[in-house]
Amino acid sequence: MKTLYFTGTGNSLAVAKRIGGELLSIPQEMHKKEITYADDVIGLVFPVYYGSLPKMIRDFLGMVKFEADYLFAVATCGSGAGMVLPDLQKAAEANDIRFDYLNALVMVDNFLPVFEIESEIKRLPEKKTEENLSKMVDDIEDRKEYVPSISLKAKALAPLAKKMLQDKIKDYSSQGFVVNDDCTLCGICTTVCPTANISVAEKITFSDKCDSCYACVHACPQTAIHPKKEQSDKRFRNPDVSLQEIITANNQLK
Ligand SMILES: Cc1cc2nc3c(=O)[nH]c(=O)nc-3n(C[C@H](O)[C@H](O)[C@H](O)COP(=O)(O)O)c2cc1C
Ligand code: SF4
Ligand code: SF4
C-alpha cells in the first residue's frame, strides 16, 4: 500500500500515518520526472481549502498515473468538505483516474481568520474525529467501496460560495500575511513551505506561489507571521506529528 499525502499542520499526515502503508509526501513526489505508482492499494490524504482542492492536489492529479486494485482518498477538513469530493472526482476523471473510496474527516480547523485553535481542540469530541477516523481506517482495510453523493442544495450553492470566496482568497494567502518584529530570521518558515514561496534575508519575503497551507503561520516559533485577520494568536500542529516531519514533508530548499 502507498499513501500519498499533503499537509500544512499535520492533520493529513496524522491520518495518513493511521491508514498506514508507504507514506509519500506529494510536494516531494512532484519533483520526479515520471509520477507513476503501482501497488495493490494506493491512497491520497490532503486538506480541504475553501471547500475544494489545494492547487498542489489539482496539479498532482493532472500528472499522476496509478496502477492499483483499490484507490482511495480522504480529505481532512475543519467544518465542512464543501465540493471537495466532487471536485476531486472531476479532476481525477479528466486523467482517467477513478476512486473506489472517497471520504472527508472533520478535524481541528486551522483556518485562523475564522477559527480559534483552543475552541477547535475542545470541539474534537463533538466532531467525533477519532471515531470517524477509526471507521475510515477499517473501511480502507476492508476495501469498502464508497463514493458519497452530493445533495442538490450543496450543488446549487457551490458556485455562489465560490464567487463569494474568490475575492477573499488573495487576502488570506501569503499576499495578506504580516511578519512582525518578533521574527528572529530563524528560517523555519522557509523549510515548512511546500511551494518554496518564502525567502529569508534581512527580512522575510513572500513570492506569489502560496497555496494557503498555513504551515508557515502555524510553525513559526515566534508567532511572527499573522494572516490579515485571525481569531487569536494560538497556533496548531497535530499532536501526532512533529515539526521535523512537516519539514521533511514540505522542504523545497534541499
Ligand atoms: C486556506 C484554508 C482554507 C480552508 N478551507 C476549509 C474549508 O473550506 N472547509 C473546511 O472544513 N476546512 C477548511 N480548512 C481547514 C483545513 O482543511 C483543516 O484544518 C485540515 O485538516 C488541515 O490539514 P493539515 O493539518 O494537513 O494541513 C481550511 C484551511 C486553510 C488553511
Ligand atoms: S519562522 Fe518566524 S521567526 Fe523564523 S524566520 Fe520565519 S517568520 Fe521569522
Ligand atoms: S507561504 Fe506559507 S501558507 Fe503559503 S504555501 Fe508557503 S507555507 Fe503555505
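The following conversation concerns a predicted model of a protein chain and its ligands.

Q: To start, into which domains is the chain divided?
A: The model is predicted, and its chain is split into domain 1, residues 2-154, and domain 2, residues 174-250.

Q: How far apart do the centres of domain 1 and domain 2 lie?
A: Their C-alpha centres are separated by 22 Å. In the contact, domain 1 takes part with 30 residues and domain 2 with 26 residues.

Q: And how much area do the two domains bury between them?
A: Domain 1 and domain 2 bury about 2,300 Å² between them. Carbon and sulfur atoms account for 60% of that area. The size of an interface is often expressed as the accessible area lost when the parts come together.

Q: Which residues of domain 1 lose the most area to domain 2?
A: They are T9, L112 and P113. Together these residues make up 26% of what the domain 1 side buries.

Q: What about charges: how many salt bridges are counted between domain 1 and domain 2?
A: The count between the two domains is one salt bridge. K17 forms a salt bridge with E245, and the closest N and O atoms of that pair are 2.8 Å apart. Side chains of opposite charge can pair when their charged atoms come close.

Q: Which helices supply residues to the side of domain 1 that touches domain 2?
A: Helices α1 (11-19), α2 (26-29), α3 (55-63) and α5 (117-122) each supply at least two residues to that side. The most comes from α1, which gives four residues. By class, this side of domain 1 has 18 nonpolar, eight polar and four charged residues.

Q: Going back to salt bridges, how many does the count come to?
A: The count comes to twelve salt bridges. One of them joins R18 and E130, whose closest N and O atoms are 2.9 Å apart. R18 belongs to helix α1 and E130 to helix α7 (residues 129-141), so the pair ties together parts that are 112 residues apart in sequence.

Q: Turning to the ligands, how many residues surround ligand 1, and which are closest?
A: Ligand 1 is surrounded by 22 residues, and T7, T9, S12, G51 and S79 are the closest.

Q: Which backbone atoms lie by the oxygen atoms of ligand 1?
A: Among them is a backbone N or O atom of V48, 2.7 Å from an oxygen atom of ligand 1. A polar backbone atom of N11 is 2.8 Å from an oxygen atom of the ligand. For a backbone N or O atom of G78, the distance to a ligand oxygen is 2.9 Å.

Q: What is around ligand 2?
A: The residues around ligand 2 include C183, C186, C189 and C220. Others in the shell are T184, L185, I204, P221 and Q222, among them. The shell divides into nine nonpolar, three polar and no charged residues.

Q: And which residues come nearest to ligand 3?
A: Of the 13 residues around ligand 3, the nearest are C193, C210, C213, Y214 and C216. This shell has eight nonpolar residues, four polar and one charged.

Key: Residues numbered from 1 in each chain as written. Chains lettered and ligands numbered in written order. Predicted model: local features only at pLDDT ≥ 70, side-chain atom pairs only at ≥ 80, totals over all residues. Heavy atoms only, no water. Near = heavy atom within 4 Å. Nonpolar A, V, L, I, M, F, W, Y, C, P; charged D, E, K, R; others polar. Domains from an automatic or database assignment. Contact = heavy atoms within 4.5 Å. Buried area = accessible area lost by both parts, 1.4 Å probe. Salt bridge = Lys/Arg side-chain N within 4 Å of Asp/Glu carboxyl O. Polar contact = N/O pair within 3.5 Å; in protein donor to acceptor, adjacent residues only side chain to side chain.
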